Amino acid sequence: KKRVGVLISGSGTNLQALIDSTRDPTKHSAAEIVLVISNKPTAYGLERAKKAGIPALVISHKDYNSREAYDTILHEKLVQANVDIICLAGFMRILSGEFTQKWTGRMINIHPSLLPLFKGANAWQQALNSGVRVTGCSVHFVEEDVDAGAIIVQETVPIKPDDTEESLLERIHTVEHKAYPLALELVASGRAKLNEDKKVVLC
Ligand code: 3YE
């Protein structure tokens with residue numbers, strides 16, 4: 001199986017979806033989660049890792065002088081654990097070009113909009129305010145340019161007339177918990193690959 005490291009900053013609901021899907025014996029997953037790293041000591045996702053018996057580390061960015069120094073230790077811990085694939089799951093750090101290059105084609109992220117629309121923070125609020133009638137989530141390969149990497153899986157949701165930020169975010173989260181496990185499975189099994197010209201090839 002491919003060894004997966006999951007990076008988090010918060011509650012870790014996508015981490016939970018990935019734990020559940022990779023451990024479902026009926027799914028014969030090509031992936032296993034072997035390490036969880038949080039940059040925030042209070043992230044509830046750390047409890048989820050502990051409950052699942054998955055090694056978890058806190059590596060706080062506040063303990064490092066520069067982004068490069070932080071990313072270097074992150075890389076070291078992932079390599080030590082023999083990680084093959086990185087999943088960013090609510091990890092709220094921009095990664096350096098050096099780090100993204102080392103993990104090209106082997107690192108994926110989930111973003112709460114239909115990329116390339118609504119990059120950046122609070123993407124679901126941007127969608128709600130824009131007046132579009134559908135939005136969703138995107139799982140993409142991570143490259144240096146934030147939220148611009150090639151897309152592996154997208155899932156749509158409607159935006160309803162009486163939606164609030166909260167109700168819309170909840171609807172997006174529901175589809176994220178399907179899209180992320182699917183995307184990880186495609187990458188871990190080799191059915192989705194990043195090719196030389198940075199396009200996703202599905203087979
Ligand atoms: N890094 C690169 N490319 C990507 N990180 C993520 C996706 C992605 C990536 O496609 N190169 C907001 C983070 C944005 C932000 O500015 N964060 C601050 C720290 C804020 C904090 O610690 O609370 C920062 O300096 O990084 C994952 C999603 C990133 C979301």
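A polar contact here is a pair of N or O atoms within 3.5 Å; inside the protein, one atom must be able to donate a hydrogen and the other to accept it, and residues adjacent in sequence count only if both atoms are side-chain atoms. In this predicted model, local features need pLDDT of at least 70 and side-chain atom pairs count only at pLDDT 80 or more, while totals for chains, interfaces and linings use all residues. Numbering runs from 1 along each chain as its sequence is written, and side-chain values use heavy atoms, with hydrogens and water left out.

A backbone N or O atom of Asp147 sits 3.0 Å from one of the ligand's oxygen atoms, and a backbone N or O atom of Ile94 is 2.8 Å from a ligand oxygen. On its own the ligand exposes 690 Å², and the protein buries 76% of that (accessible areas by the Shrake-Rupley method with a 1.4 Å probe).

Around the ligand there are 18 residues, the closest being Arg67, Arg93, Ile94, Leu95 and Glu143 (a residue counts as near if one of its heavy atoms lies within 4 Å). Sorted by class, this shell holds seven nonpolar, four polar and seven charged residues; Asp, Glu, Lys and Arg count as charged, Ala, Val, Leu, Ile, Met, Phe, Trp, Tyr, Cys and Pro as nonpolar, and the others, Gly among them, as polar.

As for the fold, the protein has six helices and nine strands, taken as DSSP runs (H or I of at least four residues for helices, E of at least two for strands) and numbered from the N terminus. Its radius of gyration is 16 Å, close to the 17 Å from the globule rule for 203 residues, so the protein is as compact as a globular protein of that length (C-alpha atoms are used, and the rule is 2.2 Å times the number of residues to the power 0.38).

Leu115 and Pro116 are linked by a cis peptide bond, with omega about 10°, and Pro116 lies in the loop between β5 (107–111) and α5 (123–130). Asn82, though not a glycine, has a positive phi of about 55°; Asn82 falls in the loop between α3 (67–80) and β4 (85–88).
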